[in-house]
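I opened this notebook to record a few local look-ups, taken one residue at a time. The entries follow in the order in which I made them.

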Amino acid sequence: MVSAKPVLRNSPEYLLTQLKISLKGVLNRLATDMAAKNRSAIGIASLFLPNILIPPESYPAITTALLILGFCVYTTVLPKHKTWAPLRIGLSIPAIFLFIDFGWSGAYPRNKRGVHLGMGTAAFYGIMKVIEVCWVRELDDERPRWVLKPQISKKVAASDKKESEDMTPTVMPLPQDTWGRIAYAFDFVTTVRGASWYGDRVWDFAPPYLYNYSAPSRARHILFNIAFLLLQTLAADCVDIYIKSIAWDRTYGTPVTSLPIPLQITTVLIVGIQTMLGLTLPSSSFAVIAVSLGSNPSSWAPILTKFPFAAPTISEFWSTYWHHLFRRTWRRMASGVIWCLPGSFKTNPTTVRIIRYTAIFFLSSLLHVVILAGIPSKWAYPMPRPFLGVDAGTVKFFFTQPLGLILEAAVVFPLTEKFEPYTRTELRRTFGWMWFLFTGRYWCDAWIGHGLFDPLEVKALPKVMDESNRASRAPTHESHQPH
């Protein structure tokens, strides 16, 4: 009798078996929960693909707006592209109107605050993209280019008998034919970080991690993202337990800053984790679907390549550790602001950098103010919004971030410069943690104050933890009035 071949614990076969067991357990729990609580498949699927909650009535508006934007991009790579500028500027008006209609029209049924936020975010980003393509580019005639990834650049250099060491990025020429221009426009409109549908290239504004990203095989890429999704469901479960353990008092607009200090700190962390999950869950889900359908794995780099809580400084958090979804658009809009400055301001690099960062954080603050203000008053109640639906917490958080960067550069860096590297890094990291924990409370006031911790808003899977863990849930805290 031949004995079975032992399976090593770290072998792909063992890991695949464990993944199948985990998937089976989760699917069984999903079926049980749906049967017991009459939970719809759409409700569960929206955790991974929140865009399925967008009302179909809004599809014509967003589709037409994107087609206009795509046509405007197409005209920028025509031989006489400058002569099309008046048409682009004219078309920007209906495009912006359609994005506004999609994001904030009361004609579309939206049964959750989160749907308002998602559609408002997409609309605001679309408006900024229209302004970038139709207005800002006329100031400097900048046209984005595709750039070959390093591995492809080395092959090109080798075929041309060039040195492959210390190479500069290979910039591709603008397309010269109709289908090439259509592909260019589609790729540019659908990218938000600088990734391309073509796996061998990125856009010239892509962050370094996208430029250098080389995905594993298709099967490994899919299995990794499925396993990552399972881990994220556990994290979503923990967030859900914490949220439901506290009675959030939204009456005075300070549901977090009125809590005891320890609960303020933990709430900031929970909101941070929830925000990360709101980015990574849809990103991983889209990656699994797209790569399974044939898309190149190299086009689907993780949306967060580093753990944001590990950022060593405030500046590195915003520039490297946080997502880059709005990086290109914000910078281009800031370039328009700088272009309008008097010449004397433009000659000082420090002044230009400060103005650029201030403009970027202003736009980021404006984005969050607008999307939160878009939540109907009846759903924000009893959150006070005294001025045009704007709350104080959002403004406090985003407008204090440039101050944090200035304090870090002007005070923290000089004071810690003489320490040995490890101590210097940890001291700067400590300042960053303290800053985010302090200012993050204001954003939590805005987020929770608008009802986004309401049980109907918190998207979590049926509990994948043992029911025995329920007994250890923290006791419900009583509502806290402001001191």
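Where is Ser258 found? I worked on a predicted model, and there I located Ser258 in the loop between α9 and α10, the latter spanning 261-292.

Entry on Ser258. I looked up its relative accessible area and noted 3%. Ser258 is therefore buried, as this value falls under 20%. I then checked its side chain and found that one of its polar atoms lies 2.5 Å from the backbone oxygen of Thr254.

Entry on Leu234. I placed this residue in helix α9, residues 218-243. Its relative accessible area is 36%, so I recorded Leu234 as partly exposed. I also found Leu234 in a nonpolar surface patch of about 380 Å², made together with Phe224, Phe228 and Leu231.

Entry on Trp322. I traced Trp322 to the loop between α11 (314-321) and α12 (327-339). Is Trp322 buried or exposed? I read a relative accessibility of 16%, and because the limit for buried is under 20%, Trp322 counts as buried.

I next listed what Trp322 touches, leaving out residues up to four places away in sequence: Thr275, Met276, Leu279, Leu304, Pro308 and Phe317. For Pro308 I also looked up the separation from Trp322, which is 14 residues in sequence and 5.9 Å in space, C-alpha to C-alpha. Finally, I noted a polar contact at 3.3 Å between the side chains of Trp322 and His323.

How values were computed: Residues are numbered from 1 along each chain as its sequence is written. This is a predicted model: local features need pLDDT of at least 70, side-chain atom pairs count only at pLDDT 80 or more; totals for chains, interfaces and linings use all residues. Side-chain values use heavy atoms; hydrogens and water are left out. Helices (H or I, at least four residues) and strands (E, at least two) are DSSP runs, numbered from the N terminus. Buried means under 20% relative accessible area, exposed over 50%, partly exposed in between (1.4 Å probe, protein chains only). Contact means heavy atoms within 4.5 Å. A polar contact is a pair of N or O atoms within 3.5 Å; within protein, one must be able to donate a hydrogen and the other to accept it, and residues adjacent in sequence count only if both atoms are side-chain atoms. Patches are made of residues with over 30% relative accessible area and no salt bridge: like charges are joined within 9 Å, nonpolar side chains (Val, Leu, Ile, Met, Phe, Trp, Tyr) within 5 Å. Accessible areas come from the Shrake-Rupley method with a 1.4 Å probe; for residues, only the protein chains shown count as cover. A salt bridge is a side-chain nitrogen of Lys or Arg within 4 Å of a carboxyl oxygen of Asp or Glu.
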